[in-house]
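Here is a short report for a reader meeting this structure.

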Amino acid sequence: MRNSLLIILVIAVLISTLGVLSIFSSTYQREGRAWQTIYQRQILWIILGLFLFFLVANINYRRFWDWTYLLYILTFFFLLLVLLLGSVRLGAQRWLRFGWFNFQPSELAKLVMTIFFARYFSCKSIDDVSLLSGRFGVFRGLALPFFFTAIPMGLIIEQPDLGTGMVLLFLFVFMLYLTNVKLRYIIILSVLVILLMPFMWYLLRDYQKDRLMVFLNPNIDPLGAGYTVIQSKIAIGSGGFLGKGWLLGTQSQLRFLPESHTDFIFATFSEEWGLLGGAGLLFLYYLLIRQSFLIAQRTQDYFGRLMALGISLMLSIQVIINVAMNIGVAPIVGISLPLMSYGGSSVFVTFIALGILVNIDKTRAVF
Amino acid sequence: MIRIKIIIWLVILMFLFLLLGLFNLEVIHGRKYREIGDRNCIRLLGQRGSRGKILDREGRVIADSRLSYDLMIVPQDSIQRDKIILRASRVLGKSVGDLKSAFKRGYVSSSMPVIVARNLELRQAIALDELRVDFSAIIVQPNPIRHYPNPKLTSHVLGYLGEIDHWRLTKLEDYGYKTKDVVGFGGVEEKYDYYLREEEGGMSFQVDHRGRFIRTLGFKPPSNGRDIQLTLDIKAQKIAEEAIGDRKGCVIIMDPYSAEIIALVSSPGFSEDDFLSQDNAAISRLLKDPNSPLINRAISSAYPIGSLFKVVVATAGLETKKINSNTSFLCQGSIMVGGQEFKCWNTHGPQNLIAAITHSCNVFFYKTGLLVGAQAIHDYALKLGLSRPTSFELPYEASGFIPSPLWRKINKFKNWFDGDTVNLSIGQGDVLITPLQVTRMMAIFANGGYLVTPCITKSIDGRDMLRYHKKPEKLNLKPNTINYIREGLKGVVNEPDGTGTILSGLGITVAGKTGTAQASPGQPHAWFSGFFPFKNPKFVICVFLEHGGPGYYSCVLAKQIIERMIREGLI
């Protein structure tokens, strides 16, 4: 269907453009060439991303079925590499240097896990071509997939990147819910996770504990861990209904707001474009996610449907958590806003995911 | 499929929730966050104008402003800060600890410059300014402060400057006063603070997250306060000041017709600079001083005036026709009233009115007082402007007090006896009068029967204030009353046996009356009030020495003042 390609393309380009505008606005006043040209690099990522989008849109998505384990092992390898020789930035070890490109394998992990779940739960019985997942027991339906999730998740949390790790966990839980796996397994998993929560506290690093504490009350440490969320709320709040206007946001441009071009780009955007802009942006995301769910619902192939659902979930989880932490209703975890936040890995992965979606919609008629 | 629907609805719900959160932040609390955001990045740097000058009648400066310099440090860089403090301590000769604690006390936020040292000398300011080459965080801010070319000279007329107190702030908030404003306390500085007060200017600028300057948003130049010209003659003021020395008391010299105050000295005075430099030790010393140097004795406190009150009794007697110029009483040194003996200070023999004033004969006035009656004396005292404020411009004027039978009946439930009338006739008892009221009363006999309102402001910002001044009020005294009393006052000085004869032979004729008011414990108050030259009076003078002894001492003081005024050509 050419239709869904056009819709997805237009929405993605629109969101990316708003992202470039916000990145420009928050960085153009900073000193140094690197800052001045950062928006140009984002444009480059987007162009390359669009290229990948069209490329993937023309690769039959069934190929991913075959590549699943290869991709999984590759991701595992990258994540391991990050831990061993990744570059340390902002106190975390998340990037791998490939010449001039800093690659963030955890972004890739999200997509690869989506593909992995899709394949795992859409295996069919050799006897009657029915889905196996409905007959899975506790081990195959819960323990084994959780084990496969836990490996990349553990590596990512160890970076440390709690946010992306949690995204993987959420992805797993919701994917499980969307397959034929018995509901009681999901309940068991949820109960287990909730029971383990208090013990998880001791595994968290100090700064992560601080962030969770300031989420409950940002004012306990206004200049330390609470600073970001306070400044972010000020940025969004001071935008008002119409916003301060493009290039006129003081919070982001005068650098009161940290990470104003990456994780907190939503605050930067909302400060300058106000409620009108913020709501508009949310609506664009909603349209994108809705389109993705529609594709999933239209698709008859179970593997394709699960992949589309996974991509929808991946986008939804990231957008919702990122915006929620921007407006101060979720703890601060390092999750970027797809297509808006600066960063090549995130842009590439998102565009590839969208490309897969388009291809699923295009090729469903085959079956 | 049902599970997909549930998930989709969950996503929609989450999006609506985010929208709600966005609405809550941007619309419901938008104004609050906008303010906080502005506070984040907008800084104000005030620049003060200079307070209006205070000039004397000839335009000579009594108080003006000079530039002082404050050392400020922008606290963004703590390493630089410590280095600056180290260097500054060498220049200023202060210890590093002092400067550091001053910095800590003044610290507001990381981008607001902190005043570390105030009132630097020019030499120090230049030396510190040179450090700017190495340290960008140093600011030497010029700041106009009050300067008194003649410290202590006019302290009570001017009052002093200090940080606004809570009580004044609640009253003056609506007129644009803010906490930490410097305002006048007492005297002209307080009365005309609104005119004298400078308007603060300054600039607002934008800073980034580290407090670094980004751009100027606006600048408002400060405007200076308005100048005030007083009617004081700084020469006469100086003469009076030097004459009284460090004795307790006050001197007032006034023009009897226009009621312009030429000199007003209250002693002991205080140094206005102590308040300006916030020298707490000096201020508490002033507050604790048993001589109360902060009280303006000329207007703010009332005293018994003794024989000076005889002028009132004489006026009452003449006006009520109980006595006339031919009335004569025999002074035998004392008089018996109600079984009690009231003494005169001498045995004067037969006395008529003029002689009685000249000799300050008590017996004559005892008898006159008894004839006139206490209530009439009280009424005439009020007519002559006693027992109520004179509506003088300076704040904190006392009203004084004259007792009367009616007052005593109502307030003390006691009867008034003839003995009380006798006491009242020579100004003893509960009589309380401010030196300014005495001056004004004396002016009535100098200017031929007009009650004037003393004033001290000649012009504000070049506008003539005397035009708005209350016109003298004609008292409708009989011309003879005034003439007789004038003759008596002239006799006091010019008759060889007058009580103020020491003032004769100055080259001009002085008329006046002495007063020795019993004020136990301690010495009596010494009073002299008069006017000169006798024919065409140019000045009324009142000299008061608190517990200064007999009136004679005040006469001596008055003599010194008048002599010097003649010598310096002021008359």
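The report starts with the basis of the model, then moves from the whole chain to single residues.

This is a predicted model, in which local features need pLDDT of at least 70, side-chain atom pairs count only at pLDDT 80 or more, and totals for chains, interfaces and linings use all residues. Residues are numbered from 1 along each chain as its sequence is written, while chains are lettered from A and ligands numbered from 1 in the order in which they are written.

**Chain B as a whole**

Chain B holds 21 helices and 23 strands. Helices (H or I, at least four residues) and strands (E, at least two) are DSSP runs, numbered from the N terminus. Of the 571 residues in chain B, 44% are buried. A residue is buried with 20 or more other C-beta atoms within 10 Å of its own, exposed with 12 or fewer, and partly exposed in between; the C-beta atoms are placed from the backbone. Two residues are in contact if their C-beta atoms, placed from the backbone, lie within 7 Å. Among contacts in chain B between residues at least 6 apart in sequence, 70% join residues at least 24 apart.

**Where chain B meets chain A**

How many residues of chain B are in contact with chain A? There are 28, and they touch 34 residues of chain A. On the chain B side, the elements giving two or more residues are α1 (2-28) and α2 (30-41). The largest share, 15 residues, comes from α1(B). This side of chain B divides into 16 nonpolar, 7 polar and 5 charged residues. Here Ala, Val, Leu, Ile, Met, Phe, Trp, Tyr, Cys and Pro count as nonpolar, Asp, Glu, Lys and Arg as charged, and the others, Gly among them, as polar.

One helix pair spans the two chains. Two packed helices are described by the angle between their axes and the distance between the axes. The axes of α12 (residues 265-298) of chain A and α1(B) come within 11 Å and cross at roughly 180°. Axes are lines fitted to C-alpha atoms, for helices over the stretch in contact, and angles run from 0 to 180 degrees between N-to-C directions. The two helices, α12(A) and α1(B), are therefore roughly antiparallel, a term for angles over 145 degrees. Residues making the contact include L282(A), Y286(A) and F293(A) of α12(A), and F15(B), L19(B) and F23(B) of α1(B). The contact of α12(A) with α1(B) divides into 16 nonpolar, 4 polar and 1 charged residues.

**Backbone features in loops of chain B**

| Feature | Angle | Loop in chain B |
|---|---|---|
| cis bond, S267(B) to P268(B) | omega about -5° | P268(B): between β12 (261-267) and α11 (272-276) |
| cis bond, F532(B) to P533(B) | omega near -15° | P533(B): between β22 (525-532) and β23 (539-545) |
| positive phi, Y396(B) | phi about 65° | between α16 (374-383) and α17 (405-412) |

Y396(B) is not a glycine. Y396(B) counts as partly exposed because 16 C-beta neighbours lie inside 10 Å. N476(B) is exposed, with 8 other C-beta atoms within 10 Å.

**A residue in a strand**

G218(B) lies in strand β9 (residues 213-220) of chain B. Is G218(B) buried or exposed? G218(B) counts as exposed, because it has 10 C-beta neighbours inside 10 Å. Leaving aside neighbours within four places in sequence, G218(B) is in contact with M203(B) and S204(B). G218(B) and M203(B) are 15 residues apart in sequence and 5.5 Å apart in space, C-alpha to C-alpha.

Key. Angles under 35 degrees count as roughly parallel, over 145 as roughly antiparallel, 65 to 115 as roughly perpendicular and the rest as oblique.
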